[in-house]
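Subject: Structure handover

Hello,

Please find the structure below, with notes on what turned up in it.

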Amino acid sequence: MADLSIDQKKLPGVKEVCRDFAVLEDHTLARNLQEQEIENHLASNIQKSRLVQYDLQVAKRMQDEEDKRARMRNQRRQRDIVHSDNEIAQEIQEQLVKQALDKRQQEEKDEAIARRLHEKELKEERKRKKQLQDVPYEDRYYEDNGGTLALKAVGFLLPGTSFNTALRDASVLQLHRNVSNVHLLY
């Protein structure tokens with residue numbers, strides 16, 4: 001090896017070398033600590049990011065489940081409303097049918113009563129016509145003071161009574177008979 005000569009005067013002192021070494025060592029240590037801090041920070045960020053992603057997935061799954069439950073509740077509520085509406089419609093339909101049947105029965109009863117009354121009136125009319133036919137022709141008419149002719153066979157004219165009054169009285173009497181007959185039919 002070649003002899004290298006070192007100038008001792010230009011060499012730094014031990015204290016300076018120790019100080020430079022300590023600065024270099026501090027610098028290396030600071031750099032290592034900074035790299036470690038950066039690595040820890042990056043690892044923490046990666047872990048936080050993964051945790052956030054996991055939380056988002058869990059939150060999304062929970063929201064989907066809640067949405068599904070809400071849709072099921074709404075569908076159930078809609079089915080209940082439809083079922084309730086159908087029951088109400090069925091009840092109304094049954095009531096309408098019953099009312100129609102009741103109305104028809106009442107109409108039939110009224111028609112039967114009207115037929116019976118009509119038949120009775122026809123019988124009475126025939127009876128009156130027969131009675132009128134039994135009265136001799138000359139005795140059928142009575143002349144009132146006003147010159148109005150009335151049937152004696154009806155039997156409504158009294159001496160001093162006008163023909164119009166006799167007809168009104170006859171109408172009232174016939175109405176009274178019809179009302180009495182209606183009560184007898186029931």
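A salt bridge joins the side chains of arginine 104 and glutamate 108, with an N to O distance of 3.4 Å. Please keep in mind that this is a predicted model. Both arginine 104 and glutamate 108 belong to helix 1, where they sit four residues apart, or about one turn of the helix. Arginine 104 is partly exposed, because its relative accessible area of 39% falls between the limits of 20% for buried and 50% for exposed. Glutamate 108 is likewise partly exposed, at 39% relative accessibility.

Side chains of opposite charge can pair when their charged atoms come close. How many salt bridges does the rule give here? The count is nine.

Another of these pairs is aspartate 64 with lysine 60, whose closest N and O atoms are 3.6 Å apart. This pair also lies in helix 1, with a spacing of four residues, about one turn of the helix. Are the two partners buried, partly exposed or exposed? Aspartate 64 has 40% relative accessibility and is therefore partly exposed. Lysine 60 reaches 55% and so counts as exposed, since the exposed class starts over 50%.

Arginine 73 pairs with glutamate 66, and in this salt bridge the closest N and O atoms are 3.5 Å apart. Arginine 73 is partly exposed at 38% relative accessibility, and glutamate 66 is partly exposed at 32%. Which residues are linked with them in a network of salt bridges? The network consists of Glu66, Arg69 and Arg73.

On the nonpolar side, Ile88, Ile92 and Leu96 make a surface patch of about 270 Å². Leucine 96 lies in helix 1, which covers residues 14-134.

In short, the notes cover salt bridges, among them arginine 104 with glutamate 108 and aspartate 64 with lysine 60, the network of Glu66, Arg69 and Arg73, and the nonpolar patch of Ile88, Ile92 and Leu96.

Regards

How values were computed. Residues are numbered from 1 along each chain as its sequence is written. This is a predicted model: local features need pLDDT of at least 70, side-chain atom pairs count only at pLDDT 80 or more; totals for chains, interfaces and linings use all residues. Side-chain values use heavy atoms; hydrogens and water are left out. Patches are made of residues with over 30% relative accessible area and no salt bridge: like charges are joined within 9 Å, nonpolar side chains (Val, Leu, Ile, Met, Phe, Trp, Tyr) within 5 Å. Accessible areas come from the Shrake-Rupley method with a 1.4 Å probe; for residues, only the protein chains shown count as cover. A salt bridge is a side-chain nitrogen of Lys or Arg within 4 Å of a carboxyl oxygen of Asp or Glu. Helices (H or I, at least four residues) and strands (E, at least two) are DSSP runs, numbered from the N terminus. Buried means under 20% relative accessible area, exposed over 50%, partly exposed in between (1.4 Å probe, protein chains only).
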